[in-house]
Amino acid sequence: MTTSTTSTLTLDLGVGGMTCASCVSRVEKALKKLPGVQDATVNLATESARVVYAPSAQMDAQIRRAVRNAGYEPVSPEETMPEDLSPWAGFAPVAIGLLLSAPLVVPMLGDLLGKHWMLPAWQQFLLATPVQFILGARFYKAGWHALKALTGNMDLLVAIGTSAGWGLSMWLWLSAEADTMPHLYFEASAVVVTLVLLGKWLEARAKRQTTSAIRALHALRPEVAHVLQGTGEEADLPVAEVLLGDRLVVRPGERIPMDGLLQEGQTQVDESMLTGEPLPVTKQPGDKLTGGSINGDGRVVLQVSAVGSESVLAHIIRLVEDAQAAKAPIQRLVDQVSAVFVPVVLVIALATLLGWLAVGTSVEVALIHAVAVLVIACPCALGLATPAAIMAGTGVAAKNGILIKDAQALELAHKVDTVAFDKTGTLTVGRPRLVAFIVPPRSPAARGSLPPEGALAPWGGPAALASTPDVDESAQLAVAASLQSGSEHPLARAVVAAAQERGMTVAQPDGLRAVPGRGSEGEVGVRSYLIGSLRWMDELGVDLGALAPEAQRLQGEGATLALLVERTTAGLSPRALMAFADEPKAGAKEALAALRARGIRVVMISGDNQGAALAMGARLGLGADEVMAEVLPGDKAARVAELKAGGHTVVMVGDGVNDAPALAAADVGMAMGTGTDVAMHAAGITLMRGDVALVAGALDISHRTVMKIRQNLFWAFAYNVAGIPLAALGFLSPVVAGAAMALSSVSVISNALLLKRWRLRRD
């Protein structure tokens, strides 16, 4: 699969035949040597490579050739996707090895009981040889490729070690005097090969579980869609043939095939696999439907709004695949070690052989100790430690509505000590209401539609207009709605909604110009108006006049204010003061408290005036020192940089276009999936629903995943640090060494799979 940016191409390619961390290093080196290749990342757990290269003719073929020349098999990504196979798939070679090795091992157990069941040498030879050279052929083939490339890998160590044991047995048998029964080591070689095969089978079985999240996401795509024809009849077409704008019928209980807008009918939709939200979501005409979610009990018709790679499901799959293909920074240590590991082990094995010979032991004893060193030192677990944990962690996070974009975000998130939140749409519902519309009175009795003293009340409606005979409040609201009709800002939508509720027709303005972070200006009819924040009006020198006391009172009560002014020959004259109120999201206060309980500092960044920001902060349980008010959109990134400059590791959580620079400036950006695509692209982590509790969940799963990586690396190194000296000193036989080596890989993956039990906590 190839994707492109403006100047580079990215190729995802399966790599067959890799067995350990040394294989990963070898394939990466081979790919990075190609002219034009800018970066290459190889993942042992997914048996895949991601190559970033400059556009060039036949580069795809050159990359595949480089993988093959390195001794591995280039395959398409689809072929590397583990299927839902039987739990016993691929066990046949292991079973044959166990059957052939058992008669060789039983006599050893008999010796412990004082029984002598040792088979004749020729029978041992007939049992061990097929295991060594037929079942173990894979080790010779891969080891030979490693030798040709002047490198080493797990297969080379196994091939040399078991061949030494088999060859020693042959020499002892053929050189023995007639009618004598020498002690042979056929059973050691056969059992080691069988145990390694068993370990690789268990490893493959466990790896299929680590990719279960990706397989589950792919399974959400229906094969067929019911397309509504112009005649009103339904036609079943493959999903790949559905076009943008097609109308689809979704029957009760079916999966929604594509993203679209609900046109007919109403239903409840289960979006749990996409967002982690356990409860069905009610959908009405005009609502968005997401492909892959499950329709409830209503028959609905939707119009397709996104197909193929542009769909939400495709975006989710791409994010999860990117995270699982990425290499965590901590992996660099493993890469450095694995690059020299096998040559060092070969030197240690040779030193073991020579050392035992030097102290006077026989050749066969010295050789067996050297074989044990070769067998136990296989670096399988090192290569699996990091990717297995990342795959399990990102997979379970995705099931809970947390999409982790890359491994670096995962590794940094567990260090976070400060979380900065955007206010509107992140901590609040993001749908502010117009609660007061006040025009400047021309007489003391004319108060317009003022809210009651001391509290923000919903705007009074048509009856309030009748109390303002001197000023046409309805006309001013129509002007404000006209100026805001082209804006997607939440406050602008609130003004337009208020006008529409009163049955007004919103006219299109002329010469509308947006002033970023401040407001907009334009002409309505023959008059010129500006509408925007009080800060902007103060910069322009607008005198609030009789509106000043009301502005002060409303700010103190936490309202967000805006002003409509007209440009006249006498200057800028206020025409209406607007007050807006938003509501905190359900559970936001508790989620912030949960973050504090983890020892994390919480900060709210808002463009509102100080009074409004502090009032909302108080409702969320925030202190004055935890609220940053009157921050322009362009200054949010600077505030994040200030937090980082204090030595803090900072997460920025936001959902709007103006949050994108701050998300990028933070150590880790978290975007609400209910927000904009720009914010989601700038963030390292996307929260698929607007639930503030997901922030703590993302930090928790990242912490647990990093802990699993460290545990895995500890055990992977511990097996070798402890095992190699024990084998060299003669405390481990090749059979025990083989069992320990197989156990190391299985234990690393099993430990990573414990992450699949993680669930989002709601404190």
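Glu-630 is partly exposed, with a relative accessible area of 37%; buried means under 20% relative accessible area, exposed over 50%, and partly exposed in between (1.4 Å probe, protein chains only). This residue lies in the loop between β24 (627-628) and α24 (636-645). Helices (H or I, at least four residues) and strands (E, at least two) are DSSP runs, numbered from the N terminus. Although Glu-630 is not a glycine, its phi is positive, at about 55°. Most residues other than glycine have a negative phi.

## Basis of the model and confidence

This is a predicted model, in which local features need pLDDT of at least 70, side-chain atom pairs count only at pLDDT 80 or more, and totals for chains, interfaces and linings use all residues. Residues are numbered from 1 along each chain as its sequence is written, and side-chain values use heavy atoms, with hydrogens and water left out.

The pLDDT is the predictor's confidence in each residue, from 0 to 100. Its average over the chain is 83, and 88% of the residues score at least 70. Over residues 443-471 the pLDDT is below 50; beyond near neighbours in sequence, this stretch has 57 contacts in the model. A contact means heavy atoms within 4.5 Å.

## Overall composition

The chain contains 28 helices and 27 strands. Of its 763 residues, 52% are buried. Among contacts between residues at least 6 apart in sequence, 69% join residues at least 24 apart. The chain exposes about 32900 Å², of which carbon and sulfur atoms supply 59%; accessible areas come from the Shrake-Rupley method with a 1.4 Å probe, and for residues only the protein chains shown count as cover.

## Nonpolar cores

A nonpolar core is a set of buried Ala, Val, Leu, Ile, Met, Phe, Trp, Tyr and Cys residues joined through side-chain atoms within 4.5 Å. The largest such core has 133 residues, and those with the most contacts inside it are Leu-31, Phe-421 and Ile-685. Not counting residues up to four places away in sequence, Ile-685 touches Ile-402, Leu-403, Ile-404, Ala-409, Ala-413, Val-668, Gly-669, Met-670, Ala-671 and Ala-698. A second, separate core of 21 residues includes Leu-434, Leu-477, Val-479 and Met-504.

Ile-749 is also a buried residue, with a relative accessible area of 0%. It is found in helix α28 (residues 734-753). Ile-749 and Gln-209 are 540 residues apart in sequence, yet their C-alpha atoms are 9.6 Å apart in space.

## The sheet from β7 to β12

An open sheet of six strands has the order β7-β6-β8-β14-β9-β12, with antiparallel pairing; two strands pair if DSSP finds at least two bridges between them. Its edge strands, each pairing on one side only, are β7 (234-238) and β12 (288-289).

Strand β6 (residues 224-228) is joined to strand β8 (residues 247-250) by two bridges, and the two run antiparallel; here His-226 stands opposite Val-249. Four bridges join β8 to strand β14 (residues 300-306), again antiparallel, with Val-250 opposite Val-300. Strand β9 (residues 259-264) pairs with β14 in the antiparallel sense over five bridges, and Leu-262 stands opposite Leu-302 in β14.

## The sheet from β17 to β18

Another open sheet of six strands has the order β17-β22-β21-β20-β19-β18, with antiparallel pairing. The edge strands are β17 (433-438) and β18 (510-515), and each pairs on one side only. From one strand to the next, the twist averages 20°. Helix α21 (residues 548-556) packs on this sheet, touching β17, β21 (560-568) and β22 (571-581), and its direction makes about 25° with that of β22. Axes are lines fitted to C-alpha atoms, for helices over the stretch in contact, and angles run from 0 to 180 degrees between N-to-C directions.

Four bridges connect β18 with strand β19 (residues 519-524) in the antiparallel sense. The bridge partner of Asp-510 in β19 is Glu-523. Gly-511 lies in strand β18 and counts as partly exposed, at 41% relative accessibility. Leaving aside neighbours within four places in sequence, Gly-511 is in contact with Glu-521, Gly-522 and Glu-523. The C-alpha atoms of Gly-511 and Gly-522, eleven residues apart along the chain, are separated by 5.2 Å.
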